[in-house]
Amino acid sequence: MNANGVVLFYTTSSALRAEQVLLRAKIGIALIPTPREFSSDCGIACRFPWVERGRVARLLEKANVEISGIQPLEGSNDG
Amino acid sequence: MGLELLRRGTKTRMIYLDHAATSWPKPPDVVLAMREFLDLAGGNPGRSGHRLSVEAGRRVYLAREALAVLFGVRDPLRVLFTLNCTHALNLALRGSLSPGDHVVTSGMEHNSAMRPLRSLERQGVSLTVVPCSAEGLLAPDDVAAALTDRTRLAVFSHASNVCGALQPVREIAQCIRARSSALVLLDAAQTAGSMPIDLAELGVDLLAFSGHKGLLGPPGTGGLILGPRVDPRTMTPLWQGGTGSRSEYEEQPEHLPDKFESGTPNGVGIAGLGAAARWLLKQDLQALREREMEQVRLLRQGLSALPGLTVYGPERDDRRIAVLSFTAAGEPVSNIGRRLDEDFGILVRVGLHCAPAAHRTLGTFPGGTVRLAPGPFTARAEIEATIQALETILTTR
């Protein structure tokens with residue numbers, strides 16, 4: 001099962017910054033419209049393979065990217 | 001067809017020596033990036049979640065990142081985009097100063113800083129204008145002596161747009177930091193892109209830059225960089241509005257860069273500016289500067305052989321940039337500018353260059369000067385032709 005998670009942000013610029021940080025670390029991510037089940041300040045979120053959640057959190061923290069949360073994406077394999 | 005004609009005109013009839021006003025031509029990458037933005041990334045950056053919006057946002061972000069690398073800034077979100085350098089200076093000055101605060105500036109400033117400062121002065125901010133030498137240089141000790149316990153900001157231009165005087169920024173910033181918690185705001189309109197600039201190395205807290213001069217981007221772009229000592233929560237934006245984030249709140253968000261970037265940005269311009277910054281990152285900026293300085297040395301040498309000419313600004317290469325001003329005894333600068341353009345296709349700027357304070361310092365107010373500003377693409381032959389043209393103008397009056 002390819003479970004996914006999402007990183008939520010306060011601003012689009014942080015999402016775009018996270019995208020570059022994670023792509024350069026070769027993590028298979030995609031920016032998606034923030035799923036409705038999450039209340040978020042920002043219209044886009046970053047979908048990533050849930051197994052990578054530890055690396056994702058560490059990489060974003062190291063790059064000082066401000067996030068508002070990391071959540072599992074329930075019940076779907078494609079996010 | 002139109003472009004071809006323009007290019008042919010460039011080769012045969014035009015010599016562009018007005019890079020201090022705006023650089024021309026731009027690297028082809030800049031034009032391509034702007035076209036691509038309109039063709040392939042037509043969404044509104046950061047507003048919607050769909051692919052065109054994300055792609056537009058991505059191009060704006062990548063420009064932020066390239067500029068952060070260029071200026072040695074770790075966090076790209078502390079690069080704020082503005083319409084131009086004037087907007088960036090207004091944001092820094094009006095955003096941080098309140099009645100009762102004291103601000104220090106120099107006698108070489110452009111009106112982009114001087115006019116907002118004079119306006120703030122009328123609102124209760126006290127202002128000290130530190131005089132410069134006749135060459136246009138600021139003495140670090142004089143700046144330090146002007147500081148009071150209410151000084152919140154010191155603002156000065158990195159290099160003069162009139163005579164090319166390059167201020168000893170590191171020494172000035174050191175002097176200020178040794179005595180005060182005042183922040184240093186550098187107006188890098190004439191230096192950004194034309195020489196290596198590292199915020200931390202210079203000791204600068206806020207850097208205002210123009211996108212369309214040395215950075216070789218399109219007009220309508222500029223920015224303000226907030227160094228690590230600047231607390232954005234203590235700054236107020238010039239205006240409030242939509243940011244694409246926190247849409248459920250009617251209060252302006254505190255997050256960077258949104259707090260200071262309300263309203264749809266100039267995406268196409270910023271995409272061009274990003275391409276320009278990436279083009280510059282592939283160049284050796286010190287070598288580009290050296291190339292421009294060679295042209296200025298040649299100009300200076302040629303001008304000094306002409307009768308009745310006075311050249312302004314520092315002689316030492318390490319205290320100047322590639323901007324040169326002169327006057328000719330008995331010949332109004334407007335006549336020289338007109339003849340250079342009409343008879344020789346040489347484009348320069350004459351007059352006061354929006355900097356009356358600088359011209360007072362140099363002793364060229366109100367007559368003004370003729371300003372020659374070569375750029376990174378100026379050829380030696382163009383400089384030689386300019387000297388020859390000036391010789392003809394001044395000997396056949």
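**Entry 1: a tryptophan at the surface**

I began with B:Trp239, which is partly exposed at a relative accessible area of 39%; here buried means under 20% relative accessible area, exposed means over 50%, and partly exposed is in between, with a 1.4 Å probe and protein chains only. I noted that this is a predicted model, in which local features need pLDDT of at least 70 and side-chain atom pairs count only at pLDDT 80 or more, while totals for chains, interfaces and linings use all residues. For my own bookkeeping, residues are numbered from 1 along each chain as its sequence is written, chains are lettered from A and ligands numbered from 1 in the order in which they are written, and side-chain values use heavy atoms, with hydrogens and water left out.

I found B:Trp239 in the loop between strand 8 (222–226) and helix 9 (267–281) of chain B; helices (H or I, at least four residues) and strands (E, at least two) are DSSP runs, numbered from the N terminus. Together with B:Leu83 and B:Leu238, B:Trp239 makes up a nonpolar surface patch with about 270 Å² of accessible area. Such patches are made of residues with over 30% relative accessible area and no salt bridge, like charges being joined within 9 Å and nonpolar side chains (Val, Leu, Ile, Met, Phe, Trp, Tyr) within 5 Å. The areas come from the Shrake-Rupley method with a 1.4 Å probe, and for residues only the protein chains shown count as cover.

Not counting residues up to four places away in sequence, B:Pro265 touches B:Asn44, B:Pro45, B:Arg47 and B:Ile270, where contact means heavy atoms within 4.5 Å.

**Entry 2: the nonpolar cores**

Which residues touch the most other members of the largest nonpolar core? Among its 62 residues, I listed B:Leu67, B:Phe71, B:Leu207, B:Phe209 and B:Leu215. A nonpolar core is a set of buried Ala, Val, Leu, Ile, Met, Phe, Trp, Tyr and Cys residues joined through side-chain atoms within 4.5 Å. Another core lies apart from the largest one and has 27 residues, including B:Leu80 and B:Leu224. I then followed B:Phe209, whose contacts, leaving aside neighbours within four places in sequence, include B:Leu67, B:Phe71, B:Leu215 and B:Leu273.

**Entry 3: a backbone angle and an aromatic pair**

I looked up B:Leu216, in the loop between strand 7 (206–210) and strand 8 of chain B, and found phi near 70°, a positive value in a residue other than glycine. B:Leu216 is buried, with a relative accessible area of 1%.

Over all chains there are four aromatic pairs; rings of Phe, Tyr and Trp (its six-membered ring) pair if their centres lie within 6.5 Å, and planes under 30 degrees apart count as stacked, over 60 as edge-to-face and the rest as tilted. One of them joins B:Tyr16 and B:Trp24 edge-to-face, at 5.8 Å centre to centre and 65° between the planes. Is B:Tyr16 buried or exposed? B:Tyr16 is buried at 16% relative accessible area, whereas B:Trp24, at 27%, counts as partly exposed.

**Entry 4: salt bridges**

Side chains of opposite charge can pair when their charged atoms come close. I counted 23 salt bridges over all chains, each being a side-chain nitrogen of Lys or Arg within 4 Å of a carboxyl oxygen of Asp or Glu.

B:Asp75 is paired with A:Arg17, with the closest N and O atoms 3.6 Å apart. This pair crosses between chains, from the loop between helix 3 (51–70) and strand 2 (79–82) of chain B to helix 1 (residues 12–24) of chain A. A:Arg17 is buried, with a relative accessible area of 8%.

A:Arg24 and B:Glu65 form a salt bridge whose closest N and O atoms are 2.6 Å apart; the pair runs from helix 1 of chain A to helix 3 of chain B. A:Arg24 counts as exposed at 51% relative accessibility, but B:Glu65 is buried at 14%.

Lastly, I noted a network of salt bridges that links A:Glu19, B:Glu36, B:Glu55, B:Arg58 and B:Arg59.
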